[in-house]
Amino acid sequence: MARPWDALCSITSFFSIKKVETTIQDFEIRQPIDLVYYDAFGPNSQAEMWDISIFEKIYKAMRSQGVFVTYCAKGQVRRDLKSVGFVMERLEGPPGKREMLRGRKL
Ligand SMILES: C[S@@+](CC[C@H](N)C(=O)[O-])C[C@H]1O[C@@H](n2cnc3c(N)ncnc32)[C@H](O)[C@@H]1O
């Protein structure tokens, strides 16, 4: 079911979602983050989504023990995530992808 922008929508009694109509570059993160599913188009088609400044911004906003996951398994992305502070692991990917990445903020 389509949900409106910029409104907190209850999905279940313990999970709500708010779609914010902005870009990650402009988004001002005002609440600490526990979990990021980074489902951007890949670095070859949208390089600006993989700029290290975005990873720094997300890392700074995350709580300790926060988790960042992405289907992208590129070595440069893994190194950039590591360089901003994430402890990185390669995970088995979803069907059709050999690997994906998970970063943790300790
Ligand atoms: C691979 S799709 C992921 C779709 C998502 N999983 C969903 O179910 O809607 C990548 C998404 O990134 C969004 N996107 C593109 N540039 C963006 C930006 N600068 N900031 C935030 N999102 C962006 C696109 O609009 C697109 O919806």
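## Strand pairing

Two strands are taken to pair if DSSP finds at least two bridges between them. In this predicted model, strand E5 (residues 87-92) and strand E6 (residues 99-104) run antiparallel and are joined by 6 bridges. One of the residues involved is Leu91, whose bridge partner in E6 is Met100.

E5 and E6 form a hairpin with 6 residues between them. In the turn, Gly96 has a positive phi of about 95 degrees. Of the 6 residues of E5, the number buried is 0, so this strand lies largely in the open.

## Nonpolar core

The largest nonpolar core comprises 10 residues, namely Trp50, Phe55, Ile58, Met62, Phe68, Cys72, Val77, Leu81, Phe86 and Leu101. Helix H1 (52-61), strand E4 (62-70) and helix H2 (75-84) are the elements that give two or more residues to this core.

## Helix H2

The buried residues of H2 are Val77, Asp80 and Leu81. They cover an arc of only 100 degrees around the axis, which puts them on the same side of H2. The buried residues of H2 pack against H1, E4, E5 and E6.

The face of H2 turned away from its buried side carries the exposed residues Gly75, Gln76 and Arg79. Gly85 follows H2 and has a positive phi, near 135 degrees.

## Ligand surroundings

Around the ligand are Thr23, Ile24, Gln25, Asp39, Ala40, Phe41 and Met49. This shell divides into 4 nonpolar, 2 polar and 1 charged residues.

Key. Residues numbered from 1 in each chain as written. Predicted model: local features only at pLDDT ≥ 70, side-chain atom pairs only at ≥ 80, totals over all residues. Near = placed C-beta within 6 Å. Nonpolar A, V, L, I, M, F, W, Y, C, P; charged D, E, K, R; others polar. Buried ≥ 20, exposed ≤ 12 C-beta atoms within 10 Å, placed from the backbone. Helix = DSSP H or I, 4+ residues; strand = E, 2+ residues; numbered from the N terminus. Core = buried A, V, L, I, M, F, W, Y, C linked by C-beta atoms within 7 Å. Arc of directions from axis to C-beta. Contact = placed C-beta atoms within 7 Å.
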